[in-house]
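Colleague: I would like to learn how to read a few features of a protein model. Please take them one at a time.

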Amino acid sequence: MAKGFGGLFLVNSPEQRRLGIRDSQELAWQDWQGSAGFDREDDEDYWGRKWAEAYVEFASGEKREWLHAMGIRFFPVVGWAERGGYLAEGHGNSVPRFHIVWGTGPGIIAPFEQRIRAHRQNGLVVYQPRHRVNELIQSGGAITGVSGSVLVPSTAARGETSSREMIGEFEYRAQAVIVSSGGIGANHDLVRQYWPSRLGEAPKRMLSGVPAHVDGRMLAITEQSGGRIVNRDRMWHYTEGIRIGIPCGIIMGYVFFRGHLHSGSTRVVSVFQPRTSLDLIL
């Protein structure tokens with residue numbers, strides 16, 4: 001939600017306390033477990049649970065102070081998104097935790113963008129758009145780099161399919177490689193392939209609220225290099241939406257894919273959030 005409206009998950013914040021909302025790390029973790037429903041903890045949910053525990057701890061402690069130090073300021077009213085069944089032992093947030101920032105989504109992104117631009121100028125960050133990874137390079141049992149194709153520059157609008165014409169190749173080496181390529185929301189064939197049989201047949205018509213490049217291509221490449229995709233069958237779909245005639249133009253359209261990627265080898269560094277937003281509606 002950060003990119004759009006600017007809502008952040010915080011626990012026991014000054015904004016909550018000012019409104020008389022009683023919250024704690026323990027309660028937040030109980031709520032999280034009620035929503036996550038971890039039931040594959042010895043296998044597919046193992047790293048997802050550990051990530052969730054660490055994030056709740058982060059949201060209960062240094063997260064707000066860290067963001068405040070970067071210049072982000074919080075609206076004094078705390079929202080109650082994903083409130084679920086209202087009770088702490090059930091699904092959803094049992095207390096309001098949806099903290100909106102001044103400037104909404106762009107207000108969150110701005111300080112990070114400023115830092116990236118500064119690091120580009122001082123040589124700490126190299127930004128390479130239109131570089132499509134085709135392979136993760138392996139050496140000595142580890143992922144040591146990436147290679148792929150340089151695509152022709154594009155002026156396509158946000159969300160539109162851009163040219164895949166290749167004008168060159170690239171290869172980069174690194175001590176660590178992080179895969180953060182997003183989900184599968186623009187690839188309806190993959191959505192249908194992973195659709196859980198317990199929900200019956202997948203819908204024939206789907207609306208997608210993400211750019212065309214969110215196609216799951218990098219997931220397959222990572223899997224071929226030893227990464228492991230888990231919880232493919234767990235999708236959370238919002239069932240309403242309106243197409244508004246522009247790329248990614250969907251009102252009230254989100255889906256969350258409860259899956260993450262972890263490595264079959266301890267030396268492959270591949271990171272995905274446990275609940276990657278696909279922004280797809282039925």
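Modeller: We start with surface patches. A patch is made of residues with over 30% relative accessible area and no salt bridge, where like charges are joined within 9 Å and nonpolar side chains (Val, Leu, Ile, Met, Phe, Trp, Tyr) within 5 Å. Accessible areas come from the Shrake-Rupley method with a 1.4 Å probe, and for residues only the protein chains shown count as cover. A salt bridge is a side-chain nitrogen of Lys or Arg within 4 Å of a carboxyl oxygen of Asp or Glu. Here F75, V77 and W102 form a nonpolar surface patch, with about 310 Å² of accessible area together.

Colleague: What should I know about the model and its numbering?

Modeller: The model is predicted: local features need pLDDT of at least 70, side-chain atom pairs count only at pLDDT 80 or more, and totals for chains, interfaces and linings use all residues. Residues are numbered from 1 along each chain as its sequence is written, and side-chain values use heavy atoms, leaving out hydrogens and water.

Colleague: Is F75 buried, partly exposed or exposed?

Modeller: Buried means under 20% relative accessible area, exposed over 50%, and partly exposed in between (1.4 Å probe, protein chains only). F75 counts as partly exposed because its relative accessibility is 33%.

Colleague: Which strand holds F75?

Modeller: Helices (H or I, at least four residues) and strands (E, at least two) are DSSP runs, numbered from the N terminus. F75 lies in strand β2, residues 74-79.

Colleague: In what order do the three strands form the open sheet?

Modeller: Strands of a sheet pair through backbone hydrogen bonds, either parallel or antiparallel. Two strands count as paired if DSSP finds at least two bridges between them. The order here is β1-β3-β2, with antiparallel pairing. The edge strands, β1 (7-9) and β2, each pair on one side only. Three bridges link β2 with β3 (residues 98-101), and G79 stands opposite F98 in β3.

Colleague: How many salt bridges are there?

Modeller: The count comes to 16. One of them joins the side chains of R234 and D39 at 2.3 Å, N to O. R234 lies in the loop between β8 (227-229) and β9 (235-237) and D39 in the loop between α2 and α3 (46-60), so this pair ties together parts 195 residues apart in sequence. R234 is buried, at 10% relative accessible area, whereas D39 is exposed, at 54%.

Colleague: Where do E113 and R117 lie?

Modeller: Both are in helix α5 (residues 104-121), four residues apart, about one turn of the helix.
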